Amino acid sequence: MKGNFAKKAALTGLLSALAVISFTIENLFPPLFLPGARMGISNVFVLLAAILIGRSYAFFTLAVKCALGSLFAGNASALIYSLPAGIVALGAELFIFSAIKRAGIISASIVGATINSTVQNVVFCLATATASYLAYLPYLALIGAAGGLVVGLAVYFTVKIIPRRYAAESNDTEKKS
Amino acid sequence: MVDLFEKAKKSRAFGLTDALVCLVAAAFVGTLFLACFLFVGRERSTGIEISIDGKLAAIYTFGGDLVIYDGYEDIIGGKKTDGGMDIEVVSRYGRNLVFASDTERSAKVTESDCPTHDCQYSEVKNGGAVICVPHRLKIAPTGGGRTPPVTG
């Protein structure tokens, strides 16, 4: 039990660090066609945290990524819209992947990324009181979906090559046994 | 509860259920495009308003003058150029150089010392807005019947 927690903590730390690094590096590049449009490569590590460690650890990784990533990017106020969007999107991804029997991680990631872009844009418009920014919404959702496909593919192939022993036994499996 | 690792290990890359899930997402994006097409205004703006920290700081009318609100004279400055005006905003948050084009009736940030440079990828043209979050700067098309202030 103690060993499993240590493994989970170590994996969470590792994946959180990788998420923050990739988030910071991605922020150094110009956005894709539209302001704020990015592939969201750091979500690979958030989804891996959900699959390898557990759902609650994925939310922790997401919070660390958003908080430290925004801080390192020099745009701390981005936390206002990136964190709620991330939470809603991750919740949707986990719901689709868990609740829909034959749904895979790629489709869950596409839907999650679309929701992420949408919520982020809506919260941004509310926070800045700029309704005209909603004009970017469909394009951002489309770019988000493309990013979700890339992230989903990355997670799918990564999980396929990771042996079971590298995944921390999830809480759900512990309860079952 | 489902063991996500086991499911991810065993699941196929893309099946019929995935196609259906993606179809729902595609329908959602399609609805957004339709709503945008139907509801987003395309009227040409007559000018731009510049806000800092949520407060209106200046108004520029295309082909006209730059009107700077009281208290912002030291922060905002304008210089007429070919086809428009270069508006420099140097607030306590940072510097942005905005080019307002009279011929295209548009405005965009040409220079910024903000960390993300997202503001340089949007434009005020037929609607839209430019927002520099780190510098708390907003450039929006004029509207709502707001009239320039009386200064001096």
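Strand 2 (residues 55–61) of chain B is mostly covered, with 5 of its 7 residues buried; buried means under 20% relative accessible area, exposed over 50% and partly exposed in between, with a 1.4 Å probe and protein chains only. Helices (H or I, at least four residues) and strands (E, at least two) are DSSP runs numbered from the N terminus. This is a predicted model, in which local features need pLDDT of at least 70 and side-chain atom pairs count only at pLDDT 80 or more, while totals for chains, interfaces and linings use all residues. Residues are numbered from 1 along each chain as its sequence is written, chains are lettered from A and ligands numbered from 1 in the order in which they are written, and side-chain values use heavy atoms, with hydrogens and water left out.

**Chain B as a whole**

- Chain B holds 2 helices and 10 strands, and its elements run α-α-β-β-β-β-β-β-β-β-β-β from the N terminus on.
- Chain B has 152 residues, of which 45% count as buried.
- Among the contacts in chain B with a separation of 6 or more, 34% come from residues 24 or more positions apart, where contact means heavy atoms within 4.5 Å.

**The sheet 3-2-1-10-9 of chain B**

- Five strands, in the order 3-2-1-10-9, form an open sheet of chain B with antiparallel pairing; two strands pair if DSSP finds at least two bridges between them.
- Strand 3 (66–68) and strand 9 (130–132) of chain B are at the edges with a single partner strand each, so one side of each has no neighbour in the sheet.
- From one strand to the next, the twist averages 15°; axes are lines fitted to C-alpha atoms, for helices over the stretch in contact, and angles run from 0 to 180 degrees between N-to-C directions.
- Strand 1 (residues 47–52) of chain B pairs with strand 10 (residues 137–141) of chain B in the antiparallel sense over 5 bridges, and B:Ile48 has B:Pro141 in strand 10 as its bridge partner.
- Strand 1 of chain B also pairs with strand 2 of chain B, in the antiparallel sense and over 6 bridges.
- The hairpin of strands 1 and 2 of chain B has 2 residues between the strands, and B:Asp53 takes a positive phi near 60° there.
- Strand 2 and strand 3 of chain B run antiparallel and are joined by 3 bridges; B:Leu66 in strand 3 is the bridge partner of B:Tyr60.
- The hairpin of strands 2 and 3 of chain B has 4 residues between them, and B:Gly63 in the turn has a positive phi of about 80°.

**B:Ile50 in strand 1**

- B:Ile50 lies in strand 1 of chain B and is buried, with a relative accessible area of 1%.
- B:Ile50 stands opposite B:Ala58 in strand 2 of chain B.
- Beyond its neighbours within four places in sequence, B:Ile50 is in contact with residues including B:Leu56, B:Ile76, B:Ile87, B:Val89, B:Leu137 and B:Ile139.
- B:Asp86 is 36 residues from B:Ile50 in sequence and 13 Å from it in space, C-alpha to C-alpha.

**The sheet 4-5-6-7-8 of chain B**

- An open sheet of 5 strands in the order 4-5-6-7-8 is formed in chain B, with antiparallel pairing.
- At its edges stand strand 4 (76–81) and strand 8 (123–124) of chain B, each with a single partner strand, so one side of each is left without a neighbour in the sheet.
- Strand 4 of chain B runs antiparallel to strand 5 (residues 84–91) of chain B and is joined to it by 6 bridges; B:Lys80 stands opposite B:Met85 in strand 5.

- Helix 2 (residues 43–52) of chain A is mostly covered, as 10 of its 10 residues are buried; among them are A:Phe45, A:Leu48 and A:Ile51.
- A:Ile21 is placed in helix 1 (residues 2–28) of chain A and is partly exposed, with a relative accessible area of 48%.
- B:Asp118 is in the loop between strand 7 (106–112) and strand 8 of chain B, and at 15% relative accessibility B:Asp118 counts as buried.
- Leaving aside neighbours within four places in sequence, B:Asp118 is in contact with A:Pro31, A:Pro35, A:Gly36 and A:Arg38.
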